[in-house]
Amino acid sequence: MARRGWGNNNNSNNFRYVTSERRSLNKRRRGNQPTGTPQHKANDKNFIGTKISMNKSPPILLSDEEVEFFLYNGYLVIKPDLPSSFHSYIYYQTEKILDDGNPGNNILPMLPALNQVLTEPKVEGALISLLGKNYEIHPHRHCHNSTPGFREQKWHKDSFWGYIRPIRYNSLRYIMAMYYPQKVTEKNGPTGAKPGTQYYSINPKYYKGNLRNMFSQDDIHHDKLLCVDPGDVVLIHYDIIHRGSANSTDETRFMFKFQFVRMEEPTAPTWNCKNIAWNSKPGNTHEKMLEPVCHYIWDWLCGTAHKTTTNVDKSILEGYVNNLKSKDEMNRFFAAYSLGLCGQNQFLVDHLNTEADEEIKINITLGLCASTKPEELVELLLPLLKNSSIRYHVIYILTELGPASINVLPLLTKFVTSGDIMTRLYATEAVGIIGSCIRDETLPPIVVNSLKTALKDKDDQVRFTAALSFARLGKKVASAVPFLVEALNDYNRYIQAYALIALKRIGTPEAMNIVLEYLSCSRWCPLTNPNSTF
């Protein structure tokens with residue numbers, strides 16, 4: 001069950017008034033402002049609102065080189081064109097807000113000027129480039145404050161908002177944006193990242209198995225401290241291994257974390273693409289090991305995945321086979337994706353069906369997603385749905401094959417409502433993703449009905465995945481409006497939020513009236529505070 005607190009409707013008015021003694025304590029804990037930070041007043045008219053404009057500047061899309069850099073490294077620094085006074089204003093207002101405790105998911109309505117960062121042309125253009133034109137902001141967002149004396153974290157991958165998923169998405173479905181209103185140095189708690197680790201399955205903080213936990217320790221040659229200028233935004237792949245570093249200064253470092261979700265499967269590049277063909281020339285050894293997965297994701301983003309088989313000599317193919325059970329995930333991962341690109345469906349499927357180690361099964365699963373013979377693979381996978389130990393692995397692969405799996409969509413719906421939690425979870429997401437590939441405006445009733453049932457599932461994660469699948473299907477599921485309205489009253493904050501997004505994307509007059517009524521009631525006034533209540 002998700003933790004109740006900030007972000008739930010029943011708690012949204014529990015604004016905590018604190019004593020002057022607590023404010024003083026928070027000030028001492030917080031430390032000093034960065035040198036030279038102006039003190040902007042709370043009613044600064046230049047920055048106080050969301051700054052909605054009818055004459056919005058067009059987004060500035062990424063280049064081929066920037067997309068390729070992101071695929072290899074899992075991060076990209078964006079420099080928005082906003083004045084330094086804006087970032088100082090954000091810093092000052094954040095200090096005041098955090099005096100009353102961290103508002104968690106409510107930071108954006110409490111400080112709506114942050115929306116000017118999210119809609120700035122360079123930031124918006126980068127998100128469109130990586131997630132498609134109709135991406136959505138995820139309901140989870142947070143202000144991370146690294147106070148003086150903050151100790152460095154362990155290297156880790158983030159959970160899914162308190163939930164665990166054994167197989168993560170290598171393809172670009174979730175991206176995180178980190179906005180820093182002040183200069184970040186090596187001393188004041190920069191975010192640390194391990195470039196290129198977004199594709200590997202082992203979470204170094206929690207892994208207890210017998211394989212090599214290769215990213216749990218520092219690597220001075222490859223680890224990256226994200227030291228940035230005031231106002232910079234760093235986009236990261238949601239699954240990159242990272243940590244908060246120590247803060248040895250007397251200043252607090254703020255970082256605003258926002259997450260974004262892909263809503264539509266790619267059919268063509270959404271960046272400023274000059275050459276659709278993948279012609280990368282990886283530099284270092286790590287990049288060479290990542291080249292197969294980066295090649296696949298580039299093709300997937302271009303809408304050309306699963307079409308061209310890579311031909312290699314028999315000796316090279318044997319090398320891939322030998323590395324598939326390596327203790328080193330980098331070798332296993334390279335082998336699995338290389339075999340997928342070589343169209344070795346039968347070999348990989350056989351190993352998936354017999355492999356005992358879960359991490360190796362996940363590597364094989366991910367490699368099969370890159371198969372260049374998708375129709376053949378679908379036929380090979382269907383019998384494996386009878387094997388409960390790998391059923392959700394099979395459903396995951398079918399999901400990533402997208403259009404090739406449309407004909408099996410009715411079969412997958414039975415797993416939405418039966419089986420263990422992971423089976424129901426991955427099947428529920430599969431229905432939304434594969435269903436979005438159907439170009440008709442109507443879906444088989446069995447598809448919609450399965451998601452309606454999933455909205456009532458006893459497991460929170462299955463329910464909010466059902467709401468997300470409804471959002472991905474949009475206009476195709478207009479008949480689900482009454483069920484989504486009911487989901488607006490769910491006790492889980494993310495189910496409420498996804499249901500609202502689904503209603504917005506359905507977009508009928510009935511659905512939009514519900515959205516407006518809901519938002520009108522729940523609107524947060526950023527000008528109201530204990531010193532100015534009306």
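Figure 1. Helices (H or I, at least four residues) and strands (E, at least two) are DSSP runs, numbered from the N terminus. This is a predicted model, where local features need pLDDT of at least 70, side-chain atom pairs count only at pLDDT 80 or more, and totals for chains, interfaces and linings use all residues. Residues are numbered from 1 along each chain as its sequence is written, and side-chain values use heavy atoms, with hydrogens and water left out. Of the chain's 534 residues, 57% count as buried (under 20% relative accessible area, with exposed meaning over 50% and partly exposed in between; 1.4 Å probe, protein chains only). Now take the contacts (heavy atoms within 4.5 Å) in the chain with a separation of 6 or more: residues 24 or more positions apart account for 82% of them.

**Figure 2. Helix 17 packed with helix 19.** Helix 17 covers residues 460-473 and helix 19 covers residues 493-506; they pack at an angle of about 15°, with their axes 7 Å apart. Axes here are lines fitted to C-alpha atoms, for helices over the stretch in contact, and angles run from 0 to 180 degrees between N-to-C directions. That angle makes helix 17 roughly parallel to helix 19 (under 35 degrees is roughly parallel, over 145 roughly antiparallel, 65 to 115 roughly perpendicular, and the rest oblique). The crossing of helix 17 past helix 19 is left-handed, meaning the near helix is turned anticlockwise from the far one by less than a right angle; clockwise would be right-handed. Look for D460, R463, F464, A467, L468, F470, A471 and R472 on helix 17, which touch Y494, I495, Y498, A499, I501, A502 and R505 on helix 19. Sorted by class, that contact has eleven nonpolar, no polar and four charged residues. For the classes, Ala, Val, Leu, Ile, Met, Phe, Trp, Tyr, Cys and Pro count as nonpolar, Asp, Glu, Lys and Arg as charged, and the others, Gly among them, as polar.

**Figure 3. T465, a residue of helix 17.** T465 counts as buried because its relative accessibility is 0%. Leaving aside neighbours within four places in sequence, T465 is in contact with R165, L425, T428 and E429.

**Figure 4. Helix 13 with helix 12 and with helix 15.** Start with helix 12 (residues 374-381) and helix 13 (residues 391-401), which pack at an angle of about 160° with their axes 11 Å apart. So helix 12 is roughly antiparallel to helix 13, and their crossing is left-handed. P374, L377, V378 and L381 of helix 12 make the contact with V394, I397, L398 and L401 of helix 13. By class, that gives eight nonpolar, no polar and no charged residues. Next comes helix 15 (residues 421-435): its axis and that of helix 13 come within 9 Å and cross at roughly 10°, which means helix 13 is roughly parallel to helix 15. Here R391, Y392, I395, Y396, L398 and T399 in helix 13 meet M422, T423, Y426, A427, A430, I433 and I434 in helix 15. This contact has ten nonpolar, two polar and one charged residues.

**Figure 5. E400 of helix 13 and its contact H306.** E400 is buried, with a relative accessible area of 3%. Its contacts, leaving aside neighbours within four places in sequence, are Y169, S171, R173, Y296, H306 and C369. E400 and N170 are 230 residues apart in sequence, yet 9.8 Å apart in space, C-alpha to C-alpha. H306 sits in the loop between helix 7 (285-302) and helix 8 (314-323) and is buried too, at 14% relative accessible area. Check out its backbone: phi of H306 is near 70°, a positive value in a residue other than glycine. Most residues other than glycine have a negative phi.

**Figure 6. Y89 in helix 3 and W155 in a loop.** Y89, in helix 3 (residues 84-98), counts as buried at 2% relative accessibility. The C-alpha atoms of Y89 and A113 are separated by 9.3 Å, and the two residues are 24 apart along the chain. W155 lies in the loop between strand 2 (136-146) and strand 3 (174-179) and counts as buried at 4% relative accessibility. From W155 to F215 is 60 residues in sequence and 7.6 Å in space, C-alpha to C-alpha.
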